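This briefing goes through selected local features of one structure, grouped by topic. Please keep the sequence and the 3D view open while reading.

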Amino acid sequence: MSKKTNYSYVGVAFIILVFGIIFIPRIIDRISQGDINRADESRSSQVSNSEGKKSDLTYIPSADGGKRKVPEFSFVDQDGDTISNKDYEGKVYLVEFFFTTCPTICPRMNKNLVQIQNHFEEFKDEFGVASFTITPDIDTPEVLKAYADNYGITNPNWHLMTGDEETIYKLANEGFYLYTAKDEAVEGGFEHSGNFALIDKEGYIRSRMLSTGNPLIYYNGIISEEEGVDDEGIPQEITMLKEDIAKLLKE
């Protein structure tokens, strides 16, 4: 072997030694600081939420094949303030349609929402509720304010909103596909969905996947955790809703 070749090996060994002295401690330090992690290797969308990754909650498809997003809206709330979908940007929130004189499902729905509100008290700046009245001619801001006080609504991002009746019904039936209609034949004079829509921080409707492989889409808001099941044996979904809110708060 020539001296030139020996010098080459010595040079390579020297470079490796220098690399080890300078860079290996830096790499170890980066790993200890969390800059390099298994998420970089897997590229999975279902990894630790604390690192800003998406949870396992699915997006609801829209008619055009995209992801269903909250339609734009703008109404007046119980404090007389104009509230739009933009006020909820960056927050996780629930959507419901109700009316203050409802004698059937609304009281149960809103008691469940208050229980959820209290459960996420420490996240009141990041979590909210959008409640749209379907009897805006009755539910003025003053009436909505009294209703909020009566139910113990304290979350600053829980807005009970009123406005143009036709716009509200269009938002319910065409925007969220949460059925709402006048029907004098039923108690209270109105039919409406008892479901809640779960919205993520980017304004997309989200839900968990069922064992059938289909999205739940909406969460039953009528049956409480204490009841467990209703008279027809339908199980409550408030527990899973709270679990899924927690997931979105971590995204």
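**Surroundings of Gly 188**

Leaving aside neighbours within four places in sequence, Gly 188 is in contact with Phe 99 and Pro 103. The model is a predicted one.

- Gly 188 belongs to the loop that runs between strand S7 (180–182) and strand S8 (190–192).
- Gly 188 counts as partly exposed because its relative accessibility is 37%.
- The C-alpha atoms of Gly 188 and Cys 102 are 5.7 Å apart in space, although the two residues are 86 apart in sequence.

**Aromatic pairs**

- The structure holds 13 aromatic pairs.
- In the pair of Phe 73 and Phe 132, the ring centres are 5.1 Å apart and the planes are at 85 degrees, so the pair is edge-to-face.
- Phe 73 lies in the loop between strand S1 (58–59) and strand S2 (74–76), and Phe 132 lies in strand S5 (residues 127–133), so this pair ties together parts that are 59 residues apart in sequence.
- Phe 73 counts as buried at 6% relative accessibility, and Phe 132 counts as buried at 0%.
- The rings of Phe 97 and Phe 132 also have their centres 5.1 Å apart, but with planes at 25 degrees, so this pair is stacked.
- One aromatic cluster is formed by Phe 73, Phe 75, Tyr 88, Tyr 93, Phe 97, Phe 132 and Phe 176.

**Lysines over rings**

- Lys 67 has its charged end over the ring of Tyr 59, 4.2 Å from the ring centre.
- Lys 69 lies over the face of Tyr 204, with a distance of 5.0 Å to the ring centre.

**Helix H5**

- The buried residues in helix H5 (residues 141–151) include Pro 141, Leu 144, Tyr 147, Ala 148 and Tyr 151.
- Viewed down the axis of H5, its buried residues fall within an arc of 120 degrees, so they line one face of the helix.
- An α-helix has 3.6 residues a turn, so residues three or four places apart point the same way.
- Glu 142, Asp 149 and Asn 150 are exposed on the other side of H5.
- The cover over the buried residues of H5 includes S2, S4, helix H4 (105–119) and strand S6 (158–161).

Terms used
Residues numbered from 1 in each chain as written. Predicted model: local features only at pLDDT ≥ 70, side-chain atom pairs only at ≥ 80, totals over all residues. Heavy atoms only, no water. Helix = DSSP H or I, 4+ residues; strand = E, 2+ residues; numbered from the N terminus. Buried < 20%, exposed > 50% of the residue type's maximum accessible area, 1.4 Å probe, protein only. Contact = heavy atoms within 4.5 Å. Phe/Tyr/Trp six-rings, centres within 6.5 Å; stacked < 30°, edge-to-face > 60°. Lys NZ or Arg CZ within 6 Å of the ring centre and 35° of its normal. Arc of directions from axis to C-beta.
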